[in-house]
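Hello,

Here is the model we talked about. Please have a look at it first; my notes follow below.

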Amino acid sequence: MSDHDQLLVIVDPVARRSDGESVRIAKDVLSARAEAKICLPDSPEEFTRALARRGSRHPVVLGDDRALLRTVTLLHRERELAEGALSLVPIGPPDALEIAHALGVPHSTPAAARAVLDGVVRRLDLLVDDSDGVVLGDLRIPGASTVRALGAPTSSVWGTCRSLVRTLVRPAPTALAVRTHRLRVEADGVLLADVDTPVEGVSVRSVAGSAEVTVHPSAAPARHGTARTLTVSGPDFRYRADGRVTGPVRRRTWTARAGAWGLTLPRDPAQELRTAT
């Protein structure tokens, strides 16, 4: 990227509230060498409008994995993901930046900002589902779901007491039961599992432009497959993609797209690591 390139720097509201100092450092590094228009949206809707009005400016997101996923999703739905690229300066706690770091974005704020200016665009794979959702990292089916995770209120004191009584009068289990699920899993039309054979789960990730699928039967060795299209169906199930649980659904198809989006990364990751340390 040349010193004269124009940047649209979108500061995610969560990043601005949680780590204003890192936001200031990133803005200073970027503005010192490029013409940077700084946007400070206060809501997801303002974030969307700022990105849509970027024009020819190169979008740079200051935020965590959720901000990155939001940006990729918006560009995909605008059908502009294949054109150009985007950059990320990761700001947030470590557990909210796992995807960014796995993709190769530097850990430190100064190193990530320098990569925006001096790095190269690398084309990355993507999983796209039939509801226009995208997956940057791993996909797990079914997704873990609990009452608390779904946002339901916590149990009342009376409910807790009843649970305690049931626990005291019920015989202790001899072993921890493994929950199984009845799913039909097809990889490019090849049947990896059917509803009459319970499975513990399915894991999927993008590898070399394809979806690498692993089915975990409850009483048999894992089955592996590689496909461009994966279809999972069965009784209502949830799935976890990029840390978010979606569902329930009865059928979902994911398609692997090679090099579907571009992310600016360091030219020499080893050099960035030495600089950061």
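The axes of α2 and α6 come within 9 Å and cross at roughly 30 degrees. Axes here are lines fitted to C-alpha atoms, for helices over the stretch in contact, and angles run from 0 to 180 degrees between N-to-C directions. The two helices, α2 and α6, are therefore roughly parallel (angles under 35 degrees; over 145 is roughly antiparallel, 65 to 115 roughly perpendicular, the rest oblique). From α2, the contact uses S22, I25, A26, V29, L30 and R33; from α6, T109, P110, A113, R114, V116, L117 and D118. Contact means heavy atoms within 4.5 Å.

A word on the source. This is a predicted model, in which local features need pLDDT of at least 70 and side-chain atom pairs count only at pLDDT 80 or more, while totals for chains, interfaces and linings use all residues. Residues are numbered from 1 along each chain as its sequence is written, and side-chain values use heavy atoms, with hydrogens and water left out. Helices (H or I, at least four residues) and strands (E, at least two) are DSSP runs, numbered from the N terminus.

Next, α6 itself. Helix α6 spans residues 109-118, and seven of its ten residues are buried. They are T109, A111, A112, A113, A115, V116 and L117. Buried means under 20% relative accessible area, exposed over 50%, partly exposed in between (1.4 Å probe, protein chains only). S108 caps the N-terminal end of α6, with a side-chain oxygen 3.2 Å from the backbone nitrogen of A111.

Now the sheet. Four strands make an open, parallel sheet, ordered β2-β1-β3-β4. Strands pair if DSSP finds at least two bridges between them. β2 (35-39) and β4 (87-90) are the edge strands; each has a single partner, so one side of each lacks a neighbour in the sheet. Neighbouring strands are turned by 25 degrees against each other on average, direction ignored. Strands β1 (residues 6-11) and β3 (residues 58-63) run parallel, joined by five bridges. V11 has L62 as its bridge partner in β3. Helix α2 (residues 20-33) packs on this sheet and touches β1, β2, β3 and β4; its direction makes about 160 degrees with that of β3.

Last, S203. This serine sits in strand β10 (residues 199-207). Is S203 buried or exposed? S203 is buried, because its relative accessible area is 16%. Its side chain makes a polar contact of 3.5 Å with that of H216 (N or O atoms within 3.5 Å; within protein, one able to donate a hydrogen and the other to accept it, with sequence-adjacent residues counting only if both atoms are side-chain atoms).

Best wishes
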